Amino acid sequence: MHCHPFELPWGSNATITPRVNYKSSTNNDDVMRGEEVQNFGLSKVVNQESLYVILPGTHAKYVVYIDGEITSFSTFMTGELFSLLSEFSILGKCLPEQVASIETFTKGVKAGSTSDNLIQELFSARTHRLFKKIEEE
């Protein structure tokens, strides 16, 4: 892997390191393939050398950026998991066209963030509809 050091237009030094790797506390490997550049740019735009960054997407990244360095990060298959569940599972099949609902979205976020069993909690998306706790749409 080759690093690419260069000077930014405003005089700061930067280095692009393709495929930044990280090993989590649970010994899992993680990788960034370009998102690191977004972190460096954001740091300069907001004029902070330390920040927490959430990069949404098919594979969302949660990044800890301290003193101008990426110190840790985690990747979550958010968009891809949503696509699989909504298009190919009982949770999304045969549903009418969906209408955005902040209340239902918030309910799902709260349920998912407080549960210690996400796979079991996912099924509640179906039971909430069956028991009329949320609308089919």
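**Exercise 1. Work out how strand 3 and strand 4 are joined.**

Solution. Strand 3 (residues 20-23) and strand 4 pair in the antiparallel sense, over four bridges. Pairing requires at least two DSSP bridges between two strands. Strands are DSSP runs (E, at least two residues) and helices likewise (H or I, at least four), numbered from the N terminus. Next, find a partner: V20 bridges to M32 in strand 4. Last, look at the turn. Five residues lie between the two strands of this hairpin, and N27 there has a positive phi of about 70°.

This is a predicted model, in which local features need pLDDT of at least 70, side-chain atom pairs count only at pLDDT 80 or more, and totals for chains, interfaces and linings use all residues. Residues are numbered from 1 along each chain as its sequence is written, and side-chain values use heavy atoms, with hydrogens and water left out.

**Exercise 2. Sort the side chains of strand 4 (residues 29-32) by face.**

Solution. The side chains alternate. D30 and M32 point to one face and are buried. Buried means under 20% relative accessible area, exposed over 50%, partly exposed in between (1.4 Å probe, protein chains only).

**Exercise 3. Trace the pairings of strand 6 (residues 60-66).**

Solution. Start with strand 5 (residues 51-55). Strand 5 and strand 6 are antiparallel, with five bridges. Y52 stands opposite V64. Four residues separate the two strands of this hairpin, and G57 in the turn has a positive phi of about 155°.

Now go to strand 7 (residues 69-76). Strand 6 and strand 7 pair in the antiparallel sense over seven bridges. Y62 has S74 as its bridge partner. Two residues lie between these strands, and D67 takes a positive phi near 50°.

Then check cover: five of the seven residues in strand 6 are buried.

**Exercise 4. Describe the chain as a whole.**

Solution. Count elements: five helices and seven strands. Their order from the N terminus is β-β-β-β-α-β-β-β-α-α-α-α. Then take the extent. The C-alpha atoms fill a box of roughly 60 × 30 × 25 Å along the principal axes. Finally, burial: 19% of the 137 residues are buried.
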